[in-house]
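Let's walk through this structure together, one part at a time. Have a look at the sequence and the 3D picture, and then read on.

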Amino acid sequence: MSRVAVVGSGIAGLTAALRAHTLGHDVTIVTKSALSDGSTRYAQGGIAAALFPDDSVAAHVADTLRAGAGLNVREAVEALCADGPDRVRELIARGAAFDRDGDALARGLEAAHSSTRVLHAGGDATGAELERALVAAVRAAGIPVVEGVFLRDVILRDGRAAGVSLRPVEGADLAVDADAVILATGGWGQLYAHTTNPAVATGDGVAAAWRAGAVLADLEFTQFHPTALAASVAGGTAGAFLVSEAVRGEGAVLRNAAGERFMLDVHPDGELAPRDVVARGIAVEMAAQGGHPVLLDATALGADFLARRFPTIDAACRATGYDWGREPIPVTPAAHYAMGGVATDTEGRTSVPGLFAVGEVACTGAHGGNRLASNSLLEGLVFARRIAADIAGGLPEQTEPSDPPEPSDAVSPGGRDALQRAMTRGAGVLRSAESLKAAAAAVDAAEPSGPDTAAWEAANLYTVAGALVRAALTREETRGCHWREDFPAASDEWLGHVLVSLDGVEWEKA
Ligand SMILES: Cc1cc2nc3c(=O)[nH]c(=O)nc-3n(C[C@H](O)[C@H](O)[C@H](O)COP(=O)(O)OP(=O)(O)OC[C@H]3O[C@@H](n4cnc5c(N)ncnc54)[C@H](O)[C@@H]3O)c2cc1C
């Protein structure tokens with residue numbers, strides 16, 4: 001039996017913990033905020049898997065590769081799509097209540113999927129239902145959970161992960177010794193001024209893995225959702241609430257400050273062009289109107305229809321004072337999903353022995369340069385289970401007491417807003433060498449601070465921002481979600497991965 005420390009309690013962390021517990025390991029979950037806090041519970045659209053007779057794993061693989069702009073790691077895509085159906089069935093067996101059409105599972109179609117294969121729950125509240133089911137399963141299994149503890153660093157001994165050092169909301173620092181550490185800390189949306197991600201998404205796991213010597217990959221690929229409400233929702237995300245593309249699918253249109261539709265000049269499909277094209281169209285229009293958000297006009301659909309079809313979005317609009325049945329709402333592209341992260345193989349192993357990464361913190365290579373919609377919840381499920389199986393294969397036990405961790409540098413949280421603005425301007429939807437260098441200057445302007453949780457969180461944001469900017473400067477082409485205004489074409493020379501580690505930036509040919 002191994003001691004397993006799981007950091008993070010979204011779909012990836014909870015699934016890894018449940019499976020490792022089932023296999024007989026001594027599991028502890030530690031998490032920064034409340035157990036159910038994280039991106040998982042905000043997921044709207046659903047989870048993709050080839051579950052139906054008219055679909056196939058091969059078709060799901062093909063769709064994922066097409067979206068990934070030539071950068072997917074084929075082995076990871078095959079693992080994702082082949083394991084997916086069984087993992088979703090297990091989730092259903094654990095009590096996740098997906099929407100149904102009579103006795104059958106209801107199926108949704110999303111952009112770039114060739115088959116109707118997306119399962120959803122509560123209409124547009126899929127993530128909330130999955131998180132509820134997994135939290136209930138963890139509670140029922142009696143797995144120890146420590147809430148309100150912030151991961152500072154991975155503890156290393158003899159070059160392997162030997163536990164984690166933590167700072168609780170109250171009280172003294174503590175350490176959890178472990179034979180295997182599973183990072184499941186989610187993404188880094190809070191690097192940007194507008195994000196659909198919750199406040200906990202500050203890239204802590206990526207920064208801690210980097211400090212521990214792990215290799216990071218594909219950091220330059222951040223997916224921006226084109227339409228997020230450009231106003232904060234009380235008690236909700238720190239940045240911007242996601243307004244699903246299904247709203248545009250029903251007929252809502254985008255207008256600039258002068259009230260003119262502009263997407264038809266950008267792409268023949270107008271508002272229904274691919275997500276990254278719409279995000280770029282909006283970014284260009286916003287730049288031309290002094291950075292002000294564009295408007296999403298859904299008034300033609302009527303207030304009653306909008307409230308019935310999109311209950312969660314309707315509530316978010318009302319909470320921010322907008323009556324979207326009667327007036328257009330301000331929207332902006334917002335950082336949504338990190339394709340890159342801590343580089344792992346298909347068993348979730350990082351380059352540091354004993355250190356695993358899963359879910360959005362990880363870069364398995366399954367998404368390549370652009371994620372296919374609804375593949376990220378699936379990735380958390382699939383690779384969490386593969387990690388647990390790998391740990392069951394045997395890990396040397398750590399018998400000696402842990403070394404004290406090297407303290408991480410703390411950075412003044414007062415600079416966070418400036419960093420977010422600089423990243424949005426310089427390393428956002430559109431970038432160039434000039435804009436990226438300006439973002440790098442903002443990273444270098446980090447000011448030291450006394451050590452507390454807010455300062456370590458800020459330090460992690462600066463660490464990830466610095467690594468991301470270096471990766472984005474290195475890739476001199478446009479591919480997937482990485483749009484370089486100074487290198488507007490894709491080039492076969494760049495078919496490969498930018499890797500960042502303590503040793504600097506390296507290039508790995510695909
Ligand atoms: C609004 C929105 C809609 C989305 N819709 C979909 C969708 O329809 N389909 C889909 O497939 N994907 C969707 N996604 C993406 C998907 O939700 C995420 O990629 C996925 O939930 C990530 O799961 P995770 O377990 O890796 O991370 P998370 O669910 O983000 O969990 C991370 C956990 O780590 C903890 N943590 C972070 N830092 C620390 C630290 N320093 N110390 C301790 N704990 C820490 C957090 O508190 C949290 O518990 C959506 C995302 C958003 C934001």
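**Around the ligand**

A backbone N or O atom of L151 sits 2.8 Å from a nitrogen atom of the ligand. This is a predicted model, in which local features need pLDDT of at least 70 and side-chain atom pairs count only at pLDDT 80 or more, while totals for chains, interfaces and linings use all residues. Residues are numbered from 1 along each chain as its sequence is written, and side-chain values use heavy atoms, leaving out hydrogens and water.

Now find K32, where a backbone N or O atom lies 3.0 Å from a nitrogen atom of the ligand. At S376, the side chain takes part: one of its N or O atoms is 2.7 Å from a ligand nitrogen atom. How much of the ligand's accessible area does the protein cover? The protein covers 97% of the 1000 Å² that the ligand has on its own (Shrake-Rupley method, 1.4 Å probe).

There are 37 residues around the ligand, and T40, G46, D204, E360 and S376 come nearest (a residue is near if one of its heavy atoms lies within 4 Å). Strand 8 gives the most to this shell, with three residues (strands are DSSP runs of E, at least two residues, and helices are runs of H or I, at least four, numbered from the N terminus).

Let's move on to helix 13. Of its 22 residues, 16 are buried, so helix 13 is largely enclosed by the rest of the structure (buried means under 20% relative accessible area, with a 1.4 Å probe and protein chains only).

Key:
Polar contact = N/O pair within 3.5 Å; in protein donor to acceptor, adjacent residues only side chain to side chain. Buried < 20%, exposed > 50% of the residue type's maximum accessible area, 1.4 Å probe, protein only.
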